Structure formats: structure tokens, C-alpha cells
Amino acid sequence: MVPVPDKDLPVVAAGGCQLDKPGNALDHHPTWKHVSCPQCGAKATRETDTMDTFVDSSWYFCALHRSLDENAPTTRAVVDRLMPVDQYIGGVEHAILLAG
């Protein structure tokens, strides 16, 4: 593993990712993950699994204010009534593993 040099940051995720098949859209992108190693110039592959599962699951609280409107994830009135969430613990994993 070789870190991206500071001069090349930030690394921007690929545009035009296809979301029509299961799995990681960056992994399925035809070109984004194929790069040259910044140290030796050889063929290299970018890591595409960039989000920890706790990042994904930390958004569960948004289901608390989901909308019944099929065309919108929520409504302003519901968000104003229920947000901000003061504390959310989504299960034992969240309660004990995030602090570790």
C-alpha cells in the first residue's frame, strides 16, 4: 500500500459511475481505479472500498424522519419536527465499537 502524495490530494471519486449493479460502483468503473504507482510508476490499483461500515450505518437515524412521499426522501415539516437527533445508538455494535 502506497499513500497518495499530498500534492495529488484530494482524490476525487469518478463521475459517471453506474449504479445499476450490486456492489461498489468505483470498483465497477472501467478506468478510475487503474493508476500508476506514485513511487515506482508501475501499474497500480486504487482502493475502492473507502467507507467504513460505520460511516454507512451512521445514517440510519435518517429513517426516523422518512417521508411517505415516494418522490422525496423527507419533507421539511417532518425534519423540522424530528431533527436534530440528540443521540442515536443503532445497536450494540454502535454502542461499544465506535468508542474503541
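Is P5 buried, partly exposed or exposed? P5 counts as partly exposed, at 26% relative accessibility. The cut-offs are under 20% relative accessible area for buried and over 50% for exposed, with partly exposed in between (1.4 Å probe, protein chains only).

This is a predicted model: local features need pLDDT of at least 70, side-chain atom pairs count only at pLDDT 80 or more, and totals for chains, interfaces and linings use all residues. Residues are numbered from 1 along each chain as its sequence is written, and side-chain values use heavy atoms, with hydrogens and water left out.

**Confidence**

- The chain has a mean pLDDT of 80, and 72% of its residues reach 70 or more. pLDDT is the predictor's confidence in each residue, from 0 to 100.
- Strand β2 (residues 43–45) has the highest mean pLDDT among the elements, at 96. Helix α2 (residues 53–57) has the lowest, at 64.
- Where pLDDT is low, the predicted coordinates should not be read in detail.

**Overall build**

- The chain holds 4 helices and 2 strands. Helices (H or I, at least four residues) and strands (E, at least two) are DSSP runs, numbered from the N terminus.
- Along the sequence, the pattern reads α-β-β-α-α-α.
- Of the 100 residues in the chain, 15% count as buried.
- The accessible surface of the chain is about 8300 Å². Carbon and sulfur atoms hold 57% of that surface. Accessible areas come from the Shrake-Rupley method with a 1.4 Å probe; for residues, only the protein chains shown count as cover.
- Among contacts in the chain with a separation of 6 or more, 24% join residues 24 or more positions apart. Contact means heavy atoms within 4.5 Å.

**Segment before α1**

- P5 is placed in the segment before α1. P5 and Q39 are 34 residues apart in sequence, yet their C-alpha atoms are 9.2 Å apart in space.
- P10 also sits in the segment before α1. The peptide bond joining L9 and P10 is cis, with omega about 0 degrees.
- Most peptide bonds are trans.

**Loop between α1 and β1**

- K33 lies in the loop between α1 (25–28) and β1 (34–36). K33 counts as buried because its relative accessibility is 16%.
- Beyond its neighbours within four places in sequence, K33 is in contact with L26, D27, A44, T45, R46 and T48.
- H29 is buried, at 14% relative accessibility.
- A polar atom of the H29 side chain lies 3.1 Å from the backbone nitrogen of T31.
- Not counting residues up to four places away in sequence, H29 touches A14, G15 and C17.

**Salt bridges**

- The whole structure contains 3 salt bridges. A salt bridge is a side-chain nitrogen of Lys or Arg within 4 Å of a carboxyl oxygen of Asp or Glu.
- K7 pairs with D8 in a salt bridge, with the closest N and O atoms 3.2 Å apart. K7 is exposed, with a relative accessible area of 70%. D8 is partly exposed, at 37% relative accessibility.
- K33 and D27 also form a salt bridge, with 3.0 Å between the closest N and O atoms. K33 is buried, whereas D27 is partly exposed with a relative accessible area of 35%.
- R76 and D80 meet in a salt bridge of 3.1 Å, N to O. These two residues are 4 apart in helix α3 (residues 76–82), so about one helical turn separates R76 from D80. R76 counts as exposed, at 59% relative accessibility.

**Cysteines**

- The disulfide count is 0, where a disulfide is a pair of cysteine sulfur atoms within 2.5 Å.
- C40 is in no disulfide, and the nearest cysteine sulfur, that of C37, is 3.8 Å away. C40 is exposed, with a relative accessible area of 59%.
- C17 is partly exposed, at 24% relative accessibility.

Note on methods
A polar contact is a pair of N or O atoms within 3.5 Å; within protein, one must be able to donate a hydrogen and the other to accept it, and residues adjacent in sequence count only if both atoms are side-chain atoms.
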